[in-house]
Amino acid sequence: MKRFLIAAIMFVFAPVFANIFDVKAETITLITKTIKSMSLVVFFKAFNTVSIIGILRAGGDTKYAFYSESFCLWAIGVPAAIICGVFLKIPLDIMVLFV
């Protein structure tokens, strides 16, 4: 239930978070869109982190948790971000949904 609340707060207050920075209006628009995109996927990421990695770390299996997170980040996340951003020219706010 907390995941929904956090996602809703991120989505609703995205413009407020973006206006914390002293940047151009175009950048604030990009930050707002990116935060809103992140709010749509934070539910799934929070579930995976707490349910899988958190339980393994609490049980003392820190090596597997480390290898699992590292592999997903460096073998899947970073290459996917490079492909989406550099080769496919996908905007940042949409790329956040894929990575």
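The following paragraphs describe a predicted model of one protein chain, from its overall make-up down to single residues. Local features are given where pLDDT is at least 70 and side-chain atom pairs only at pLDDT 80 or more, while totals for chains, interfaces and linings use all residues. Residues are numbered from 1 along each chain as its sequence is written, and side-chain values use heavy atoms, with hydrogens and water left out.

The protein chain has five helices and zero strands. Helices (H or I, at least four residues) and strands (E, at least two) are DSSP runs, numbered from the N terminus. Along the sequence the pattern reads α-α-α-α-α. The C-alpha trace spans about 45 × 35 × 20 Å along its principal axes. The radius of gyration of the protein chain is 16 Å, whereas a compact globule of 99 residues would have one near 13 Å. That radius is taken over C-alpha atoms, and the globule rule is 2.2 Å times the number of residues to the power 0.38.

Of the 99 residues, 19% count as buried. Buried means under 20% relative accessible area, exposed over 50%, and partly exposed in between (1.4 Å probe, protein chains only). Among contacts in the protein chain with a separation of 6 or more, 45% are accounted for by residues 24 or more positions apart; a contact means heavy atoms within 4.5 Å.

Helix α3 covers residues 25–58 and has a kink of about 45 degrees, centred on V41. The bend at a residue is the angle between axes fitted to the seven residues ending there and the seven starting there. V41 is also one of the buried residues of α3, and the others are I28, T32, T34, I35, S37, S39 and I53. Their cover includes α1 (2–12), α2 (14–18), α4 (62–87) and α5 (92–98). After α3 comes G60, which has a positive phi near 95 degrees.

T34 counts as buried because its relative accessibility is 11%. Leaving out residues up to four places away in sequence, T34 touches L92, D93 and V96.

How do α3 and α4 lie relative to each other? Their axes come within 7 Å and cross at roughly 150 degrees, and the two helices are therefore roughly antiparallel. From α3, the residues I53, L56 and R57 make the contact, and from α4, T62, Y64, A65, S68 and E69. By class, this contact has four nonpolar, two polar and two charged residues. The axes are lines fitted to C-alpha atoms, for helices over the stretch in contact, and the angles run from 0 to 180 degrees between N-to-C directions. Angles under 35 degrees count as roughly parallel, over 145 as roughly antiparallel, 65 to 115 as roughly perpendicular and the rest as oblique. For the classes, Ala, Val, Leu, Ile, Met, Phe, Trp, Tyr, Cys and Pro are nonpolar, Asp, Glu, Lys and Arg are charged, and the others, Gly among them, are polar.

G77 is in helix α4. With a relative accessible area of 15%, G77 is buried. Apart from neighbours within four places in sequence, G77 is in contact with C72 and V99. G77 and V99 are 22 residues apart in sequence, and their C-alpha atoms are 5.6 Å apart in space.

K89 sits in the loop between α4 and α5. Is K89 buried or exposed? K89 counts as exposed, because its relative accessibility is 64%. Although K89 is not a glycine, its phi is positive, at about 55 degrees.
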